[in-house]
Amino acid sequence: MSPRRAASTGLVDRSQALRFTFDGRTYSGHPGDTLASALLANGITLVGRSFKYHRPRGIFTAGVDEPNALVTVLSGDGREPNIPATQIELYEGLEVESQNRFPSLEYDLGALGQLAGPLLSAGFYYKTFMGPVFGPLKGTRFWMICEHAIRRAAGLGRAGYEKDPARYEEMNAFCDVLVVGAGPAGLMAAEAAAKAGRRVILAEQEPKAGGSALWSGEMIGTRPAHQWAQAMAEKLAATENVRFLPRTTVWGYYDGNTLAALERVADRPSGTAKGLPRLRLWNIRAGKVVLATGSLERPVVFPGNDRPGVMLAGAAERYARQYGVLPGERIAVFTNNDGAYRAAAALRKAGAGVVAIVDVRPEISDAARALAQEAGVEPLLGHAVTGTAGKRLTRITIQRFDAATGRVSGDGRPVDVDCLAVSGGWSPTIHLASQAGGKPVWDEALHAFLPPSPMQPWVGAGAFAGAKTTVEALSTGRDAGLAAAGKKPSRARLPAVTAPALDPAPAPVLEIKAAGKAFVDLQNDVTAEDVRLAHREGFISVEHLKRYTTLGMATDQGKTSNLPGLAIMADARGLPIPEVGTTRFRPPFSPVSIGALAADRHRHFKPDRLTPMHDWHVGHGARMMEAGLWHRPMIYGQPGETVEQAYIREAAAVRRSVGICDVSTLGKIAVKGPDAAEFLDRVYTNTFSTLPIGKARYGLMLREDGIVLDDGTTWRLGAHDFLMTTTTANAGKVMQHLEYFLDAVWPHLKVHVTSVTDQWAGAAVAGPDARRVLEACVTGTGVDNVALPFMGIVHGRIAGAPVMICRLSFSGELAYEVYCGAGHGAHVWEALMDAGEPFAITPYGMEALGALRIEKGHVTGAEIDGRTTARDLYLDGMLSKKKPFIGSALMDRESLIDKNRLRLVGIVSLDGQPLGGGAHVVEKGSLDELGASIGHITAACYSPALERHIGLALVKGGKSRHGTRAFVSDPLRKRFGPVEIVSHHFYDPEGRRMHG
Amino acid sequence: MLIPCPHCGPRDVQEFSYQGDATRKRPDPASTDVHAWHAYVYDRPNPAGPHREYWQHIGGCRAHIVVERDTLSHEVLGAAFASDLSNQGGTRP
Ligand SMILES: [Zn+2]
């Protein structure tokens with residue numbers, strides 16, 4: 001057994017050994033240990049280097065408040081940095097590495113930075129690097145040169161580059177009462193609420209329930225407190241209406257009594273073989289919340305307070321009692337309150353030597369005196385620790401101290417120690433209550449902020465609510481549970497508590513002013529002097545103090561530094577602490593792994609939208625691509641074909657004979673009702689009330705601000721019955737747009753809109769032979785030019801299935817869109833393929849569709865980009881002058897009709913090289929020299945019809961540049977070359993082919 | 001935040017899509033008063049306290065709800081179908 005294991009085992013199972021490695025060396029610990037307790041048990045007190053000064057640092061706390069002992073957990077090539085050693089449950093094979101040291105923890109070059117100590121004060125980086133340095137290194141440029149080196153030197157752990165192998169889960173949960181914290185108060189609250197029949201969730205961040213009961217050494221009833229807690233927890237866990245969640249940190253308190261919690265289910269890099277997730281994120285909606293989050297100890301700030309071996313007194317006590325580990329062999333205690341005396345007695349009882357108790361107060365309670373006797377030392381009252389020595393703590397200096405004036409006097413007396421247990425009193429853990437809203441309330445006696453009065457339905461209990469003893473914790477816990485259940489407080493007897501009668505009030509001393517660096521925020525290396533510097537420079541509000549010094553902004557969120565920092569600022573300003581105020585706490589209470597928040601959970605339950613012909617496409621060599629939620633064929637590749645070869649072949653087939661394309665994804669909205677035509681006249685820029693039944697019309701919609709929203713064709717199927725189509729991408733947006741106007745603006749219109757996108761399958765049959773294909777398979781209607789003229793609609797059958805056919809063209813060829821019920825989609829598609837076989841009908845995908853539309857100059861989402869007007873796109877002809885419509889009032893504002901706006905043109909590559917979407921168009925420049933942009937390319941392709949690389953572009957002045965030369969500038973893709981600006985109607989501008 | 005949909009009952013905010021200020025007044029459709037249109041499209045008060053706004057229940061009945069919400073506390077003070085309130089008054093296109 002290691003010399004640092006106490007005789008009593010605490011709650012650790014010493015019958016089993018667990019091996020772990022720290023910086024490559026193997027050590028042993030036990031189930032029930034944290035990494036921190038196991039390191040201490042192996043005599044390791046130096047575990048990391050500090051953020052800014054690279055000072056050696058050790059283990060400062062035993063819990064969630066740990067600022068110092070951050071390590072990186074390794075798994076193969078993966079690494080997760082900045083995990084507090086106090087929060088890692090030991091497991092077999094755990095591998096960790098210390099942080100922020102080079103070349104090793106023991107000998108760190110970065111520590112040389114300490115020699116320049118005074119230079120690195122608050123605001124140093126900004127003053128030095130952003131300030132007025134002259135010459136070529138002035139201002140931000142100098143910063144950019146130095147930033148890399150600084151970021152490397154100052155910082156914490158490094159993240160890995162490997163994919164995270166772990167799995168994460170998310171849960172939504174509902175309860176009547178959520179109890180946060182399973183200490184004595186939380187356990188009582190959960191029991192009371194459960195007995196009242198409420199659905200209870202009890203969340204505890206530690207692996208075991210009990211809170212302070214795990215290490216207080218008190219008796220509750222006839223049992224040691226930890227046994228009482230364990231029995232309570234087991235009973236609750238077995239109760240049907242209680243869900244007990246150990247290892248679960250409630251980290252966020254949001255509106256509507258919704259709280260976020262993180263459960264560490266199997267928190268190790270690989271998860272477990274059983275398929276359990278590593279972490280589980282809980283969204284809990286609670287009727288009432290009982291906050292029983294306890295309190296956190298704060299240190300006294302004094303010079304040299306950061307050496308490995310200095311730790312909080314409560315942590316030292318907890319290591320001794322809960323883990324059976326001695327944090328040192330020669331321990332001194334430094335305190336401003338009675339609580340640390342209990343720690344001294346516990347450490348002595350566990351087998352450590354307690355060599356001194358140093359107390360800033362001139363007098364102490366009888367109970368404290370009795371505990372000092374148990375610890376075997378005479379307390380040094382009216383004294384303070386004013387200095388320390390050793391890379392690992394070897395010595396402290398003690399001087400006389402007057403608590404009333406804060407003055408140190410007399411000669412320093414050295415005492416050899418290897419551990420110093422410090423206590424500055426306890427602050428309620430009010431983070432969640434603060435998140436929920438309201439200002440904390442100062443309590444003079446406890447010298448701490450108590451929670452605000454509730455802004456949301458929560459009830460406080462235990463030390464969180466200011467309870468000073470375990471008896472009070474039990475009674476406030478039970479009352480809180482009853483109150484949350486809507487019941488009156490109980491008068492039934494509570495279990496008796498055996499505990500020393502300590503004075504809960506600390507002396508109001510949180511800093512000892514003496515020579516040397518005294519750290520307030522250990523994780524961000526903020527010193528007491530930094531706080532005073534901030535004050536001298538005018539950063540006196542707590543919010544400014546925080547941002548200027550970074551006090552409390554590290555991953556521990558200043559759990560140990562908050563109040564000492566405020567106390568030092570209050571002292572500098574000559575104000576009481578409550579007048580200096582406190583910052584509002586924000587979520588998360590403790591760090592939450594990005595994996596838990598961001599992991600892809602079945603794509604957040606978004607559906608994969610497949611058209612009825614999906615299987616056919618896949619079975620015929622289609623390479624699918626995602627377009628929003630839809631999966632659409634990109635190309636139908638033949639063996640040995642590149643994507644470009646495939647789409648050129650497909651597009652050429654459409655121009656030469658006939659092609660077929662799945663257009664089921666187009667948005668389709670049924671617009672029905674007596675006022676349907678009137679409604680369409682209002683939402684479209686052109687007129688639909690004049691559209692005859694059995695005809696379709698191309699329509700354009702604007703937003704209220706006059707910018708184009710979407711385009712598409714709308715078919716009149718009956719007097720009161722229209723079928724509107726939208727672009728695939730805007731289907732949802734257009735639907736919402738229509739619903740908004742019908743609900744909020746014109747509720748009196750008798751119109752109903754329904755999305756029928758999924759109800760219809762659609763196929764576009766396009767090309768000179770398209771009519772012949774239809775003639776070969778359509779029954780019940782003619783499809784000749786008389787029966788089915790351009791924009792006409794007919795109803796008939798294909799292979800027995802009812803179809804609706806509209807003659808309209810996106811490709812510029814003679815073309816038809818054939819719609820049928822989604823269930824018949826594959827059947828009709830195959831019938832069309834059969835009918836097209838004599839004409840070598842060719843299925844075409846998105847790439848060919850894109851090339852065909854660019855050749856025709858048809859706009860889509862790339863041009864309707866939320867910035868373009870109808871005039872920008874040369875669609876002025878669609879703007880009715882006879883009626884108002886959505887957007888008509890604002891579309892002609894001065895800036896929207898400016899001559900120099902970006903307007904639609906065509907672009908032809910003059911050097912035979914491809915053009916890229918997003919590339920800029922410039923009048924002059926070169927590959928290396930950026931010219932001033934006059935616009936950008938929105939879409940580009942190789943045109944099989946023109947046998948050139950072409951594109952559409954939005955260019956200043958638009959049409960006025962037709963026939964002029966410019967250059968494409970695409971520095972990211974290393975492309976620069978000459979282009980000609982032309983009309984966007986590249987192919988068949990008169991539209992003879994589609995009317996043919 | 002829970003929004004009490006008059007049709008579906010109290011539902012999580014994630015089922016709703018925010019549709020903006022419900023106190024805006026659309027000018028008469030035939031109006032050519034650019035200032036009035038500008039105010040309707042762009043000018044928004046940003047009150048600290050009760051505010052009326054549109055929420056569409058896109059994950060449910062798809063109705064637009066006018067929700068009165070306290071912007072300081074997110075407390076919902078009332079909710080009604082937008083179509084019942086017809087608060088924008090427009091009667092003609
Ligand atoms: Zn609803």
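This briefing covers the nonpolar cores, selected backbone features and the zinc site of the structure above. The model is predicted. Chain A holds a largest nonpolar core of 84 residues. In chain B, four residues coordinate a zinc ion, and the arrangement is tetrahedral.

**Nonpolar cores**

- The largest nonpolar core has 84 residues. Five of them touch the most other members: Phe22(A), Leu35(A), Tyr319(A), Phe334(A) and Leu420(A).
- Helix H7 of chain A, residues 339–350, gives the most to this core. Its share is seven residues.
- A second core of 50 residues is separate. Its members include Met791(A), Leu808(A), Tyr819(A) and Phe986(A).
- In soluble globular proteins, nonpolar side chains tend to be buried together.
- Phe22(A) touches a set of residues beyond four places away in sequence. Among them are Tyr27(A), Leu39(A), Ile44(A), Leu46(A) and Val47(A). The list also includes Val71(A), Val96(A), Ser98(A) and Leu105(A).

**Helix H11 of chain A**

- Helix H11 spans residues 528–536 of chain A. Its buried residues are Ala528(A), Asp530(A), Val531(A), Arg532(A), Leu533(A) and Ala534(A).

- Strand E32 (residues 622–627) of chain A pairs with E33(A) in the antiparallel sense. The pairing runs over six bridges.
- Met625(A) stands opposite Arg632(A), which is in E33(A).
- Two residues lie between the strands of this hairpin. Gly628(A), in the hairpin, has a positive phi near 65 degrees.
- Strand E33 covers residues 630–636 of chain A, and seven of its seven residues are buried, so the strand is largely enclosed by the rest of the structure.

**Zinc site in chain B**

- The zinc ion is coordinated by Cys5(B) through SG, Cys8(B) through SG, His57(B) through ND1 and Cys61(B) through SG. The distances are 2.0 to 2.3 Å.
- The angles subtended by the four donor atoms are 103 to 121 degrees, so the arrangement is tetrahedral.
- The donor residues follow the spacing C-x2-C-x48-H-x3-C in sequence.
- Cys8(B) and His57(B) link distant parts of the chain, 49 residues apart. Cys8(B) is in the loop between strand E1 (2–5) and strand E2 (9–12) of chain B. His57(B) is in the loop between strand E4 (50–56) and strand E5 (64–70) of chain B.
- Cys8(B) has a relative accessible area of 32%, so it is partly exposed. His57(B) is at 1%, so it is buried.

**Backbone features in loops of chain A**

- Pro587(A) and Pro588(A) are joined by a cis peptide bond, with omega about 0 degrees. Pro588(A) sits in the loop between helix H14 (577–580) and helix H15 (594–598) of chain A.
- Arg247(A) is not a glycine, yet its phi is positive, at about 55 degrees. Its loop lies between strand E12 (242–245) and strand E13 (248–254) of chain A. Arg247(A) has 27% relative accessibility, so it counts as partly exposed.
- Asn257(A) is another residue other than glycine with a positive phi, near 55 degrees. It is in the loop between E13 and strand E14 (258–264) of chain A. Asn257(A) has 2% relative accessibility, so it counts as buried.

Conventions
Residues numbered from 1 in each chain as written. Chains lettered and ligands numbered in written order. Predicted model: local features only at pLDDT ≥ 70, side-chain atom pairs only at ≥ 80, totals over all residues. Heavy atoms only, no water. Core = buried A, V, L, I, M, F, W, Y, C linked by side-chain atoms within 4.5 Å. Buried < 20%, exposed > 50% of the residue type's maximum accessible area, 1.4 Å probe, protein only. Helix = DSSP H or I, 4+ residues; strand = E, 2+ residues; numbered from the N terminus. Contact = heavy atoms within 4.5 Å. Pairing = 2+ DSSP bridges. Donors = N, O, S within 2.8 Å, 3.2 Å for Na, K, Ca; no water. Tetrahedral: all angles 85-135°; square planar, octahedral: opposite > 155°, others 65-115°.
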